[in-house]
Every structure is written in structure tokens, then in C-alpha cells.
Amino acid sequence: MRWGPIGAPTHPVGRTNRFAARFSRPEEENSYASERATDSGTSEGNPNMFTNTRAFSSFAADDMQKAKGFYGQTLGLRLTEEYGMLTLHLEGGGEVLIYPKADHVPASFTVLNFPVDDIDKAVDELVQRGITFERYPEFTQDEKGIMRQEGPYVAWFTDPAGNTLSVLQER
């Protein structure tokens with residue numbers, strides 16, 4: 001494997017693999033690690049080592065074609081696909097990486113939240129797109145599946161891999 005100028009693996013034809021650039025190699029293999037720490041204004045023992053990094057979240061799916069259809073078509077998110085992985089490009093510049101995992105087991109918590117201005121309208125629209133909202137016995141939810149008790153109003157649904165997502169509205 002070749003390594004790009006920023007310490008990231010490159011595609012065999014020379015393109016930098018932007019996904020791998022987010023992951024660092026072990027220190028002994030990555031001479032860029034100490035340079036990266038210096039460039040970001042950090043040094044050994046500095047608690048602000050991640051101040052200038054572009055962190056992102058990720059989760060797995062067991063069928064990338066279904067995930068691509070769900071996130072791109074059903075939810076209407078802008079996404080890109082590279083090396084068998086999907087990147088969701090969210091409002092405000094955030095990105096979420098979805099990677100394939102054949103023996104995927106969905107998390108027991110919400111992996112992605114979508115803040116909305118009007119939760120009733122969002123739930124109605126998602127139902128029209130074929131989304132079914134989850135019901136949890138520990139919460140009181142209305143006929144649409146919206147929990148309106150404490151905190152923000154929340155309604156949960158799952159993607160084809162069983163990952164829990166939500167729409168939520170601040171009070």
C-alpha cells in the first residue's frame with residue numbers, strides 16, 4: 001500500500017483515500033503522527049489534542065445497497081460511496097460513515113438524530129415514505145409514536161440494518 005503526502009493510504013491509481021485519512025496507523029509506522037500533533041498545536045500531555053481534528057461518527061450496516069437506498073432515497077440525504085462504504089453528508093458539514101459488516105448487530109441505542117422544526121410534520125412525511133415508528137414500553141408515546149414527556153419531543157425509527165434513528169424537536 002502506498003501512503004499519500006498526509007500519511008493517508010492512497011488508491012492504487014494515486015488518489016488519496018479520504019476515509020483512511022481519518023484513521024491513523026500505529027505510531028511506529030506513522031511518522032506523520034508526531035507532525036500532526038505539532039501542527040494541531042498539541043504536544044505530549046496537552047488535553048486539547050483533538051481541538052483541530054475533524055471528528056466523525058460511524059456505524060455498520062449488513063447490506064450496503066439497502067442502506068444506500070434508505071439514506072439516499074427514502075430519507076433524501078446527500079451521500080457518497082467509496083470503497084464499499086457510504087458517507088452521509090449532513091447539514092452544517094457533518095459526516096457519518098456507514099461501513100459494511102456482515103455479522104452486524106444493531107446497537108441498543110440511537111445512532112443518529114435528526115433535529116426538525118416540526119416533529120409532527122416530519123413524522124407524517126416519513127410515514128408517507130414508508131417509515132414505521134418504534135414503540136417503547138418505558139415511554140409514553142402518542143398515536144404517531146412521538147414521546148412528548150421530558151426533554152425534546154422524539155420519535156424513533158430504524159434503518160434496514162436495524163440501527164435506531166430519531167427525529168427530535170426542541171420544546
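Analyst: Let's begin with E95, which counts as buried at 18% relative accessibility. In this scheme buried means under 20% relative accessible area, exposed means over 50%, and partly exposed is in between, using a 1.4 Å probe and protein chains only. Keep in mind that this is a predicted model, where local features need pLDDT of at least 70 and side-chain atom pairs count only at pLDDT 80 or more, while totals for chains, interfaces and linings use all residues. Residues are numbered from 1 along each chain as its sequence is written, and side-chain values use heavy atoms, leaving out hydrogens and water.

E95 sits in strand β4 (residues 95-100); strands are DSSP runs of E with at least two residues, helices are runs of H or I with at least four, and both are numbered from the N terminus. The side chain of E95 has a polar contact of 3.3 Å with that of H89. A polar contact is a pair of N or O atoms within 3.5 Å; within protein, one must be able to donate a hydrogen and the other to accept it, and residues adjacent in sequence count only if both atoms are side-chain atoms.

E95 also makes a salt bridge with R54, with the closest N and O atoms 3.7 Å apart. R54 lies in the loop between α1 (32-39) and β1 (57-61), so this pair ties together parts that are 41 residues apart in sequence. Side chains of opposite charge can pair when their charged atoms come close. The cut-off for a salt bridge is a side-chain nitrogen of Lys or Arg within 4 Å of a carboxyl oxygen of Asp or Glu.

Another one of them joins K68 and E81, where the closest N and O atoms are 2.8 Å apart. Here K68 belongs to helix α2 (residues 64-74) and E81 to strand β2 (residues 78-82), distant parts of the chain that are 13 residues apart. K68 is partly exposed at 32% relative accessibility, and E81 is partly exposed at 39%.

Then there is R148, which forms a salt bridge with D120, the closest N and O atoms being 2.6 Å apart. This pair also links distant parts of the chain: R148 is in the loop between α3 and β6 (153-158), D120 is in helix α3, and the two are 28 residues apart. R148 is partly exposed with a relative accessible area of 30%, and D120 is partly exposed with 25%. Both belong to a network of salt bridges that links D120, D124, D142, K144 and R148.

Rings can pair as well, and the structure holds 5 aromatic pairs. In one of them, F59 and Y71 have ring centres 6.2 Å apart and planes at 50 degrees, so the pair is tilted. F59 lies in strand β1 and Y71 in helix α2, 12 residues apart. The rule is that rings of Phe, Tyr and Trp (its six-membered ring) pair if their centres lie within 6.5 Å; planes under 30 degrees apart count as stacked, over 60 as edge-to-face, and the rest as tilted. F59 is buried at 5% relative accessible area, and Y71 is buried at 0%. Together with F70, these two form one aromatic cluster.
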